[in-house]
Amino acid sequence: MTETTKAPAAATAEERNGAEEEKRTVVRTQQVKKVYQMGEIEVHALRGVDLEIYAGEYLSIMGPSGSGKSTFFNMVGGLDKPTEGKVYIDEVDVAQLDAYELAWLRCRKIGYIFQSFNLIPVMTALENVTLPMVFAGLTSDESRDKGMDLLGKVGLGERHSHKPFELSGGQQQRVAVARALANDPAVVLADEPTANLDLRTGTEIIELLRSMNESFGVTVISATHDHKMLSVSDRVVRVSDGQVERIQLREDLEIETVAVGDEET
Ligand SMILES: Nc1ncnc2c1ncn2[C@@H]1O[C@H](COP(=O)(O)OP(=O)(O)OP(=O)(O)O)[C@@H](O)[C@H]1O
Ligand SMILES: [Mg+2]
């Protein structure tokens, strides 16, 4: 019997080329600066952030309180404008969009998850999830079917008629995850999604985000203090005082995760 063996070097190069081809940039920031004017005082929240975020990756942004994480999110999410620099989503310069195009981008391309869930209190879980679909022009039947499907995927199919106050914090955040995915966005932005949750519920939300990232291929960008997030992240961007300090890859993180364990900062 003859065995055919491939030259390992050639195979590795091939794989590497394949991986390079798959790496598509979905968000690119170029020297993004943000200065808040507080009367006489200028607050330099971002001091020139250059970052490329790839389609399908799970990226965590970590850094101390006040380091500019939420400010960066607002820029990437088209919720606020940089004082200087550019933000490109799918290679489109966000600053060039008119109000209508910006609203379209926020509705279709980006899903938002916040620390305090931000569900609409008078609406049921299903209505919260389907609201962005209605904005996007789906019929009520289409949005109901899609909303029920998404609620099923986040494990809340049975709770569709509950209002936020009838749900636990973790369940509310699951509804927020489903809502963020309503219009099949390219990017989900999650700002401290586990900060108001206990250890176990926080872990469940992180695992849910990771599984949505894997099954939908959606890019997840999460700002967090939560070290549990390290184990699911493809890359971690460390920010400090409005600047990127360093970027760590998954391989480097595995070592750190073992050392840090489940602690939170
Ligand atoms: N609207 C605003 N007006 C003035 N200053 C602001 C505003 N928003 C944020 N800042 C300031 O910008 C800096 C960065 O704030 P940011 O909220 O981005 O930090 P963060 O990293 O998200 O912190 P945390 O971990 O506490 O959420 C801080 O010094 C903050 O006080
Ligand atoms: Mg913040």
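Guide: Two residues are in contact here if their C-beta atoms, placed from the backbone, lie within 7 Å. This is a predicted model, where local features need pLDDT of at least 70 and side-chain atom pairs 80 or more, while totals for chains, interfaces and linings use all residues. Residues are numbered from 1 along each chain as written, with chains lettered from A and ligands numbered from 1 in written order.

Visitor: OK, which residues of H4 meet H5?

Guide: Ala 125, Leu 126, Val 129, Thr 130, Met 133 and Val 134 do. Their partners in H5 include Ser 143, Arg 144, Gly 147 and Leu 151. Helices are DSSP runs of H or I, at least four residues, and strands are E runs of at least two, numbered from the N terminus.

Visitor: What classes of residue make that contact?

Guide: Eight are nonpolar, three polar and two charged. Ala, Val, Leu, Ile, Met, Phe, Trp, Tyr, Cys and Pro count as nonpolar, Asp, Glu, Lys and Arg as charged, and the others, Gly among them, as polar.

Visitor: Where does S4 go next?

Guide: S4 and S5 form a hairpin with two residues between them. In that turn Asp 90 has a positive phi of about 50°, and Tyr 88 stands opposite Asp 93 in S5.

Technical notes. Two strands pair if DSSP finds at least two bridges between them.
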